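Subject: Handover of a structure and notes on its backbone

Dear colleague,

Please find below the structure that I am handing over to you. My notes on it follow, and I would ask you to read them with the structure open.

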Amino acid sequence: MENIFKDLEELGFKNISDADLFQEKEQPKKKVISKEKEAQLKVQTYIYQRKVDCPVCKHSFHSSTVRSGRVRFQGTELDLRPRYVGFDPLPYDVTVCNYCGYAAINKYFKNITEKKKRAVIENITRNYIGHKYNEILTYEESVERYKLVLLNSAVGGDSNGIKAYICLKISWLYRGWQESLQALEQKDDALLQKLRTYEIVFVEKAFEGFKLAYATEKFPVMGIDEMTMEYIIAELARRLGDSKISKQWLGRVIGHSDVPNRLRDKVYDVKELIREQEKKEKKSQQD
Ligand SMILES: [Zn+2]
């Protein structure tokens, strides 16, 4: 058939070509793909494939890693979550071995004790079903990977401070995930609510773990010094809605004679937020 519309010539429809029949429908689809591709290409410029040798099972594999020279640091939020311009490198901060299930924060991946190695083989590798991740990680995959890091840490007998630090990072992932959803035109409110709840669950775990670490561990813990940890505990308490405990910990920070200005400013900001919150609570009691 030369032209499917040829039969309509008698009805007055002359010279209609069928060449463009489906073009209009295809166009928007093409656009969506290219937008996704565009976003992927953007992320691709921030990462590269790093060759990793697993210290547990000796397999070699590639792991997506952030080009540190590419990201632009913007500052930290009140719980010290770092922010970068246009890209969140946090998902790429852990390494997972797809062969044996050993997983750790990049910086500590190679340094595993013999004792932890045995514990990982016994408790992780035995049960682990490998999962191959794409080069570009979603927040959902990142949460899964970080939780595997936390599980490795727990079975490997890591200190409370290490486990609390991983929990803090998981709470940051949940926040980053919420932000990425909020940027969408159509928001999934049910999912957002769920992620907010999960974020708080991990804030709570980080709070508990850091308090235990503070009481029993030697500083620095995961690079965090004593007064910075006091400050983090204070801010986590505020996030959990306990302003009384938060103020107690802020008092400890200020009690040091050598608080750097950077931290002093943050203490001031947290105090301000607590004051606002208390005002609101008083007002709602009066109403
Ligand atoms: Zn391995």
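Strand 1 (residues 47–53) and strand 2 (residues 60–66) run antiparallel and are joined by 7 bridges. Within this pair, Ile-47 has Val-66 in strand 2 as its bridge partner. The hairpin that these strands form has 6 residues between the strands, and Lys-58 takes a positive phi near 75° there. Please bear in mind throughout that this is a predicted model.

A second pair is made by strand 3 (residues 73–76) and strand 4 (residues 82–84), which are antiparallel and share 3 bridges. Here Gly-75 stands opposite Arg-83 in strand 4.

The hairpin of strand 3 and strand 4 has 5 residues between the strands. Which residue in that hairpin takes a positive phi? It is Leu-80, with phi near 70°. Leu-80 lies in the loop between strand 3 and strand 4. It is partly exposed, because 15 other C-beta atoms lie within 10 Å, a count in between the limits of 12 or fewer for exposed and 20 or more for buried.

The loop between helix 5 (189–216) and helix 6 (226–239) holds Pro-220. The peptide bond that leads from Phe-219 to Pro-220 is cis, with omega near 0°. For comparison, most peptide bonds are trans. Met-222 is also found in the loop between helix 5 and helix 6, and it has a positive phi of about 50° although it is not a glycine. Is Met-222 buried or exposed? Met-222 is buried, because 20 other C-beta atoms lie within 10 Å of its own.

Finally, I would draw your attention to Ile-16, which lies in the segment before helix 1 (23–44). Leaving aside residues up to four places away in sequence, Ile-16 touches Phe-5 and Leu-8. The C-alpha atoms of Ile-16 and Asn-3 are separated by 8.3 Å, and these two residues are 13 residues apart along the chain. Ile-16 counts as partly exposed because it has 14 C-beta neighbours inside 10 Å.

With kind regards

Key
Residues numbered from 1 in each chain as written. Predicted model: local features only at pLDDT ≥ 70, side-chain atom pairs only at ≥ 80, totals over all residues. Pairing = 2+ DSSP bridges. Helix = DSSP H or I, 4+ residues; strand = E, 2+ residues; numbered from the N terminus. Contact = placed C-beta atoms within 7 Å.
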